[in-house]
Amino acid sequence: MHLIHFQTATGNFGDDLNFWLWDHLLPGWRDWSHEWGLVGVGTILKRGFLSEGRKLVLGAGCGYGTPPDITETPEHWDIRAVRGPRTARALRLPPRAAISDPAVMLPSLPAFADPAHSGETLFVPHHLSLRDHEWALICARAGVGFQSPTDDAATVIRRLSGARHVIAESLHAAIIADAFRVPWTAVSVTAGFNTFKWADWAESLHLPVPVARPFFAPLRRALTLWRAAGVARPTPSPYPDHRKRRRHPSARYMLAAWAVADLRRAARGPFTLSDTKHLHAAQIRFRAMLDTVQRDYGGA
């Protein structure tokens, strides 16, 4: 069996879990039928991304692009679990298919059984926000720990599991923090916060839909007014053409100052945590699902 997942040039710890997570959860899976691809962690259930062959889906989700039509070639799909109820509805699957994200199983791995608690409040941006700001310096000024999403996944997991609180623009930072019982809060650095995928996972654990705290709120309000007046055209960024032009030093200073203030506010809370009984129920269901996959594909 081969792996089907999203991979960035710089790395992203949530997607990179796929490289080794399944070796622990499904021992021997790489030796199973090569006709099938394993579709695991990630928002990758979309048209045009997945290969034409047979696919075993174990917790992936929708959220980008158009969901695939699994009725066109039903023989190519074995969907044992999806990330949450919204993905299940998008694919017209029964509610029981919505278990949770595979990362909820990380606390069951021996390597993460005894996290070292640092007591820090940790900020993890989305990997696409990483290049826009000097986050290490901003976090130092805000008195908040910084964790790059491009670091080795095991390193990121250990730091998340030992934190006191997590400020997450990265969805998997929140998922992993929650799995290790570390309270978290969601923030939005750019205007591209994906409510669907956050709500998809949250609803799998009976959490309310996360409302991300926006960074650079004054600038966003100004852009909204400018657009309404026809001065600025819509852009997916909180400031125009930020990747196409070099910002003036005064603009960089202003954005950094706003980011420091926003981080300090986020670090004061409130923070969120799912009910332990819902998390444990999802973990038990996921483990039972994996046992059936092991039996059906591995012959165990």
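The dialogue below takes up strands, helices and rings in turn.

Mentor: Please keep in mind that this is a predicted model.

Trainee: In what order do the five strands of the open sheet stand?

Mentor: Strands of a sheet pair through backbone hydrogen bonds, either parallel or antiparallel. Here the order is β6-β5-β7-β8-β9, and the pairing is parallel. The edges are taken by β6 (145-146) and β9 (213-214); each has a single partner strand, so one side of each is left without a neighbour in the sheet.

Trainee: How many bridges link β5 and β6?

Mentor: Strand β5, residues 121-124, pairs with β6 in the parallel sense over two bridges. As an example, phenylalanine 123 has phenylalanine 146 in β6 as its bridge partner.

Trainee: Which strands does helix α5 lie across?

Mentor: Helix α5, made of residues 153-161, lies across β5, β6 and β7 (165-168). Its direction is at about 145° to β5. Helix α6 (residues 171-179) also packs on the sheet, where it touches β5, β7 and β8 (184-188). The direction of helix α6 makes about 160° with that of β7.

Trainee: Is strand β3 largely enclosed or open?

Mentor: One reads this from the burial of its residues. In strand β3 (residues 54-58), four of the five residues are buried, so the strand is largely enclosed by the rest of the structure.

Trainee: Which strands does β3 pair with?

Mentor: Strand β2, residues 36-39, pairs with β3 in the parallel sense over four bridges; there, valine 39 has valine 57 of β3 as its bridge partner. Four bridges also join β3 to strand β4 (residues 77-81), and these two run parallel.

Trainee: Over which ring does the charged end of lysine 55 sit?

Mentor: The ring is that of tryptophan 77, and the charged end of lysine 55 is 4.7 Å from its centre.

Trainee: How many aromatic pairs are there?

Mentor: The count comes to eleven aromatic pairs. In one of them, phenylalanine 215 and phenylalanine 216 have ring centres 6.3 Å apart and planes at 85°, so the pair is edge-to-face. The cut-off for that reading is an angle over 60 degrees between the planes.

Trainee: Are these two phenylalanines buried or exposed?

Mentor: Phenylalanine 215 is buried, at a relative accessible area of 1%, and phenylalanine 216 is likewise buried, at 0%. Both belong to one aromatic cluster, which Phe215 and Phe216 form with Phe123 and Trp135.

Terms used:
Residues numbered from 1 in each chain as written. Predicted model: local features only at pLDDT ≥ 70, side-chain atom pairs only at ≥ 80, totals over all residues. Heavy atoms only, no water. Pairing = 2+ DSSP bridges. Contact = heavy atoms within 4.5 Å. Axes fitted to C-alpha atoms, helices over the stretch in contact; angles between N-to-C directions. Phe/Tyr/Trp six-rings, centres within 6.5 Å; stacked < 30°, edge-to-face > 60°. Buried < 20%, exposed > 50% of the residue type's maximum accessible area, 1.4 Å probe, protein only. Lys NZ or Arg CZ within 6 Å of the ring centre and 35° of its normal.
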